[in-house]
Every structure is written in structure tokens, then in C-alpha cells.
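Please look over the sequence and the model shown below before reading on. The paragraphs that follow lead through them step by step.

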Amino acid sequence: MSDAAQPTAAEVRAALEALKAALDRHLDAVEGRSGEDDPAVSAAFDKLAAAAETYDELLYDAYDEVTPFEVVGDDSLPAYTGPEEPSALSVLIRRDYAVVEPQRLLAQAQRVADLDPDITSVNGVQGAAAAAVGKSVHAALGVLFGEYEPDEIASRHKEFGLEEGDSTLWVAALDELAEPGEWLSSPFDQADAQRVVCRFDVSSVFDDDGEADEAEEVEEADEADFDGTDEADEDDDLGDDDLEVVDPGR
């Protein structure tokens, strides 16, 4: 960032004052809360988070310093504003994949093309030769996703040389079902988070958190097992039949 674009000391100071004011307003809202889900507290929290983020950014840009605070993002959906009794639904699905084994992907697509020589269109290109499918990742993806349902690809992704990324499924309420073909030209433009009835997310970050917790539990268990006492000396008289084999991953 150039010197001309850097915030001034006055701008940083103003951001600090705004943060102080946001802290006061947040405390006032908490002290006067009317219930567990008081909207005034939520609003004050959001303003406090925004003020803290602004101050942190300006502080870094001006002085290359940061605050010791971290604002935890809210991944929850906004308040639901759809009908109480939805009569129609829209299911929005996103699944990300990485192509980690292109040759496997090409081979699988070529196999499909060989079994179905009547394939005349690949990714919308008419007259695509079946022999070319096994040489183009672009064409191979068109063949595989045209042959298999998305759920089948999700369950067999490794066979196709794919690696799963994050995925999400949103179930959104509609006032009425759209007319046939009405939204096909722009299927995702009308997604409204405030009409989502429920959502289901899958991400490796959840697994990482679980693995970290499990590793911590194993470490604590190891510390408890090896507390300085020599249990082997105490149990010299045990026979083989008295020994229990413990799975270390349990």
C-alpha cells in the first residue's frame, strides 16, 4: 500500500473512538436485555464487531500492528422471512471437487463413451467424437456428469479421480412452484438466504476440529496411563489370559 493510501493517525484515532462507543452501547444493551434473544443485543454485537474490524484494519494499514482480539464470524443464516407453511420448495446444492487424478477421470469417461457410441454431444458441443473423450478433461467431465447422477458421483468420486471439497445443501421455501423452464437460464440468481428452511454443510474443517479434540483426548489418556507408576511390577503375577489388548485408536 502506498503512503498516500495509508490512513492518517486521525482516522485511526477516530476508529478507536468509534470502537469505544460501540463497547459502551454493547454493554448497555446487555445490561438492559429483555430476554435470551434480545434483538438489541444482537444489533449492538454486530456494530461492535464491525467497529473492531475497522479499527484493526486501519491500525494494521497505518502502523503494521494488530489487536489481540479476534471477531468470530457468524455462519448462521439470517432470520427466516418465508411462509410458515411452505407449499413449494427449492433445493440448492453445491459440491466442490478437485481433479486429483486426471488420467483416472479420462479413463472412466472413455469407458462410458465406448459403451455408448451414440454420444454425439459433449458439454454442449455437437458431434464430439467418442475417441476424444479420453483426451480432454473438459469433455470427460461432461460425459461423466451426464451419465451419472450427482449423488452417485458424490459416493464414487474417488473412482473418477476426484477429491471432495466443501459441500452444502439449502432447502428454501417458495411462494409457489416456478413455471417449467422459468429459471433455467439463471438457476441460482434468486437464492434468498432469508427463505432457507434448513441447511446442511459438509467441510473438512469440521473433521479437523474433531481430530484435534480426539488427539487431545488421546494425549491426556497417555499422560494418565504413564503417571510414573510401574504397573508391570504390580501385575507380575498376571497370566496371559488376564491381559486385555487395547486398541490405541479407541
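**Helix 3 and its surroundings**

The buried residues of helix 3 pack against strand 1 and helix 4, where buried means under 20% relative accessible area, exposed over 50%, and partly exposed in between, with a 1.4 Å probe and protein chains only, and where a contact means heavy atoms within 4.5 Å. Helices (H or I, at least four residues) and strands (E, at least two) are DSSP runs, numbered from the N terminus. This is a predicted model, in which local features need pLDDT of at least 70 and side-chain atom pairs count only at pLDDT 80 or more, while totals for chains, interfaces and linings use all residues. Residues are numbered from 1 along each chain as its sequence is written, and side-chain values use heavy atoms, with hydrogens and water left out.

Which residues of helix 3 are buried? They are Leu105, Leu106, Gln108, Ala109, Gln110, Val112 and Ala113. The 14 residues of helix 3 should span 20 Å at 1.5 Å a residue, and this agrees with its end C-alpha atoms, which are 20 Å apart; the expected span is 1.5 Å times one less than the number of residues in the helix.

**The nonpolar cores**

The largest nonpolar core has 13 residues, and those with the most contacts inside it are Ala109, Leu144, Tyr148 and Phe160. A nonpolar core is a set of buried Ala, Val, Leu, Ile, Met, Phe, Trp, Tyr and Cys residues joined through side-chain atoms within 4.5 Å. Helix 3 (102-115) and helix 4 (137-147) each supply at least two residues of this core, and the largest share of it, 5 residues, comes from helix 3. Leaving aside residues up to four places away in sequence, Phe160 touches Arg104, Leu105, Gln108, Leu144, Tyr148 and Ile153.

A second, separate core of 9 residues includes Ala15, Ala22, Leu48 and Ala51. In soluble globular proteins, nonpolar side chains tend to be buried together. Ala15 and Ala22 are also among the buried residues of helix 1, together with Val12, Leu16, Leu19 and Ala29, and the buried residues of helix 1 pack against helix 2 (39-63). Helix 1 (residues 9-31) has 23 residues, which at 1.5 Å a residue should span 33 Å, and the end C-alpha atoms of helix 1 are 33 Å apart, in agreement with that value.

An open sheet of 3 strands has the order 1-4-5, with antiparallel pairing; two strands pair if DSSP finds at least two bridges between them. Strand 1 (88-99) and strand 5 stand at the edges, each with a single partner strand, so one side of each is left without a neighbour in the sheet. Neighbouring strands of this sheet are turned by 10° against each other on average, direction ignored.

Strand 1 and strand 4 run antiparallel and are joined by 11 bridges, and Val99 stands opposite Leu162 in strand 4. Strand 4 and strand 5, also antiparallel, are joined by 6 bridges; here Ala172 has Val196 in strand 5 as its bridge partner, and Ser167 stands opposite Val202 in strand 5.

Leu169 lies in strand 4 and is partly exposed, with a relative accessible area of 25%. Apart from residues up to four places away in sequence, Leu169 touches Val91, Leu92, Ile93, Cys198, Arg199 and Phe200. Leu169 and Val91 are 78 residues apart in sequence, yet their C-alpha atoms are 7.0 Å apart in space.

**Two loop residues**

Ala191 is placed in the loop between strand 4 (162-174) and strand 5 (196-202), and at 43% relative accessibility it counts as partly exposed. The C-alpha atoms of Ala191 and Trp170, which are 21 residues apart along the chain, are separated by 9.4 Å.

Asp64 is found in the loop between helix 2 and strand 1, and with 52% relative accessibility Asp64 counts as exposed. Although Asp64 is not a glycine, it has a positive phi of about 60°. Most residues other than glycine have a negative phi.

**The chain as a whole**

There are 7 helices and 5 strands in the chain, and from the N terminus on its elements run α-α-β-α-β-β-α-α-β-β-α-α. Of the 250 residues of the chain, 19% count as buried. Among the contacts in the chain with a separation of 6 or more, 71% are between residues 24 or more positions apart.

Key: Axes are lines fitted to C-alpha atoms, for helices over the stretch in contact, and angles run from 0 to 180 degrees between N-to-C directions.
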